[in-house]
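Subject: Structure for you to look at

Hello,

Here is the structure I said I would pass on. Please open it and keep it in view while you read the notes.

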Amino acid sequence: QEDTNPTNGLAELAVKLLDYHKGEVVYNPNAGVGAFAQFIDFGNDYFGWTSVSTHWYVGIAKMLLADKVPSENYICTERSSLDVIEYSRYISIFRSREVKYEEVFSGLTPKGKAILIMPVGVLLRPRSKFCEMIIKNNVLDKVIILPSSMLKETGANYAVLVCENSRPQNKHITILDCRGEEYYSVERNSRRNRLHVSKVLSDIEDLSIENRLEVSQQQIAEARYVIDPSLYTTAHVEIPEGHDVSSFKELTSVYEFRMDQIVSTKEKVVIRASDLEFNTTDFIVNLEQILANEDRQPTGGVLLEKSCVIVAAKNRGISAAYYEFKEGDEIYADARLWLFEVNESRIDPRYLVSKLRSFEVSTLRSVIQHSYIQSLPITYPSLAEQRRVIEDTIKVSKQSKIRELGLTEEIQRLKNEYKTLIRTKKHNLGTVRGNISATIRQLQKQVEQSSKTGE
């Protein structure tokens with residue numbers, strides 16, 4: 001609990017989401033330092049436990065400073081004394097990824113509510129037992145993804161989970177991503193952020209907010225109980241007039257190859273992640289550039305026998321290019337890249353590449369995963385319009401490169417002129433300096449001669 005700084009807004013947000021009333025028992029396990037207690041109006045109904053006596057004194061002191069009157073049972077030194085307690089409200093923070101469902105919900109009343117603050121890693125682990133239980137038992141109501149640096153000595157992302165025992169069976173789960181700059185301000189002389197509590201509470205109820213999602217339990221179950229907002233964005237994408245929308249997975253199929261097909265690429269032409277750069281104006285792999293690069297270390301590669309879109313995801317960014325297979329080619333792709341065959345009856349591969357390059361990565365994961373790419377929503381017009389857009393893009397890119405080349409040449413010309421001018425000025429200055437020196441020497445000689453003759 002010592003990491004829940006009451007001044008950064010996190011404890012205040014948690015207590016306000018708790019929505020408790022007088023007479024309800026609020027249970028906060030490990031409630032030693034009273035961070036949440038400072039926002040609880042009725043201290044006599046707030047219980048917890050601690051195994052560290054100093055925490056007990058800190059908790060009591062903080063409650064008194066906040067004008068709360070703690071009861072004798074506010075904090076127990078033995079957890080077993082609270083095992084049988086029945087509570088209508090539960091509030092706690094978890095630092096580890098191991099959260100037991102029974103620990104939270106075993107004593108919660110039928111109409112009880114729980115506020116849990118935990119690392120997003122719990123939500124991202126496929127088939128997490130805890131996530132599976134809160135979905136199957138229909139208790140998860142809201143998920144609030146917090147900004148980073150909300151807790152002491154960590155920049156990791158945390159999330160607030162709002163769970164209710166009495167929520168309607170078919171109600172969707174609300175997910176609000178609060179990592180945007182509008183949700184926090186940076187505290188001076190601190191590495192932590194200050195949460196804008198009123199903004200969070202307002203947006204969690206606002207259906208028009210773009211970073212707010214409504215997700216069904218079925219959708220989360222199909223995603224193996226992974227609660228990452230990026231997996232559920234397809235239904236919320238804006239579709240321009242005359243366009244269709246499909247997930248990347250619906251427009252492609254994975255390029256299948258066996259592990260025994262991976263060979264060393266020594267002395268072979270191999271496509272790597274660095275070759276899928278954004279500066280390719282026609283969205284196609286530049287084989288000439290690859291062939292011209294002789295300093296390439298061997299790696300594991302697979303022989304490409306079909307046309308495919310090649311995707312690389314690293315450093316929270318996406319790069320992609322289209323490889324167009326031709327008979328007689330012996331081109332390999334780094335086995336660490338993702339290869340996809342494209343349904344060309346629905347989308348032009350080059351258009352698909354352009355859409356991939358335009359995405360801003362918003363996943364909670366530090367490393368982009370294959371499933372994230374496949375879940376991306378792709379909007380696209382008719383094939384004829386796609387090809388027109390691509391040709392126009394290529395034309396504009398080439399014209400831009402020509403202009404850039406022209407500007408580069410003009411800049412070089414001006415640099416050369418400047419250097420010539422400087423050399424000329426230096427020469428002229430040297431000539432003037434030489435003339436002055438000669439005149440001075442001549443005058444000195446006249447002075448010396450006059451002194452000798454007495455003139």
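This is a predicted model: local features need pLDDT of at least 70, side-chain atom pairs count only at pLDDT 80 or more; totals for chains, interfaces and linings use all residues.

Aromatic rings come first. The count is 5 aromatic pairs. In one of them, the ring centres of Tyr-87 and Tyr-90 are 5.7 Å apart and the planes are at 45 degrees, so this pair is tilted.

Phe-248 and Phe-340 make an edge-to-face pair, with 4.8 Å between centres and 90 degrees between planes. Phe-248 is in helix α8 and Phe-340 is in strand β20, so the pair ties together parts 92 residues apart in sequence. Phe-248 is buried, at 0% relative accessible area, and Phe-340 is buried at 0% as well.

Next, the charged side chains. Opposite charges on side chains can pair when the charged atoms come close. The whole structure has 18 salt bridges. One of them joins Glu-12 and Arg-194, at 3.8 Å from N to O. Glu-12 lies in helix α1 and Arg-194 in strand β10, so this bridge ties together parts 182 residues apart in sequence. Glu-12 is buried at 18% relative accessibility, while Arg-194 is partly exposed at 26%.

Regards

Notes: Residues are numbered from 1 along each chain as its sequence is written. Side-chain values use heavy atoms; hydrogens and water are left out. Rings of Phe, Tyr and Trp (its six-membered ring) pair if their centres lie within 6.5 Å; planes under 30 degrees apart count as stacked, over 60 as edge-to-face and the rest as tilted. Helices (H or I, at least four residues) and strands (E, at least two) are DSSP runs, numbered from the N terminus. Buried means under 20% relative accessible area, exposed over 50%, partly exposed in between (1.4 Å probe, protein chains only). A salt bridge is a side-chain nitrogen of Lys or Arg within 4 Å of a carboxyl oxygen of Asp or Glu.
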